[in-house]
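Q: Please take a close look at the aromatic rings in this structure. Which rings pair up, and where do they sit?

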Amino acid sequence: MGKMAKMFSFILVTTALVTGKTSWALENCLQEQARLRAQVHLLETRVQQQQVKIAQLLHENEIQFLDKGEESSVIDLGGKRQYADCSEIFNDGSKLSGFYKIKPLQSPAEFSVYCDMSDGGGWTVIQRRSDGSENFNRDWNDYENGFGNFVQKNGEYWLGNKNLHLLTTQGDYTLKIDLADFERNSRYAQYKNFKVGDEKVSLCKPEWLILPGPL
């Protein structure tokens, strides 16, 4: 009986040691998992920071490219005057479609736009999408400042919310939207009294507020 008791006591001690070892191993495992999660979170944060930095650098390079551009791609009007939009250029006698420099009345500087002189002429092209060469999945800053290829005739771009606001504060504009599918079937729609508010209004009420003459 005494021998049986000693054996039972030994089994209990052994069980306790095994249980304690298992508990210690589990605690170490949980600590290791927590350490690895922290490392993963740190790496994810660093990757996100790098992605933001890369996006900023790409945007800066894009702006530099657009600023330099190809001088030959912008039609030189001989410095006659400054034009507020493409309709003024058309009405001044220029009938060739292409890139021109305009300076809306409240704009601090000139910027390039593509003027479509067909269908009555004087349309300021604010967006062009043709072949998917430009990424339009952008953030607020890109849409605010504009992005894309302002150099090539068929380059894709967005003129920028700031520039649209400067244009549309000058008077009553008509917005024309031309659409075409891969079979070259085309449709269009026109909307009068098109305006784009400033950033404060846009942030408070995110909708088109509803550009004189054609765009």
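**Aromatic pairs**

A: F99 and Y157 are both buried, where buried means under 20% relative accessible area, exposed over 50% and partly exposed in between, with a 1.4 Å probe and protein chains only. This is a predicted model, where local features need pLDDT of at least 70, side-chain atom pairs count only at pLDDT 80 or more, and totals for chains, interfaces and linings use all residues. Residues are numbered from 1 along each chain as its sequence is written, and side-chain values use heavy atoms, leaving out hydrogens and water.

The whole structure holds six aromatic pairs. Rings of Phe, Tyr and Trp (its six-membered ring) pair if their centres lie within 6.5 Å; planes under 30 degrees apart count as stacked, over 60 as edge-to-face and the rest as tilted.

F99 and Y157 make a tilted pair, 6.5 Å centre to centre with 50° between the planes. F99 lies in strand β1 (residues 98-102) and Y157 in strand β6 (residues 157-158), so this pair ties together parts 58 residues apart in sequence. Strands (E, at least two residues) and helices (H or I, at least four) are DSSP runs, numbered from the N terminus.

Now take F136 and F147. Their pair is edge-to-face, 5.2 Å centre to centre with 70° between the planes. F136 is in the loop between β4 (127-128) and α3 (140-145), and F147 is in strand β5 (residues 147-148), eleven residues apart. F136 is buried at 10% relative accessible area. F147 is buried too, at 0%.
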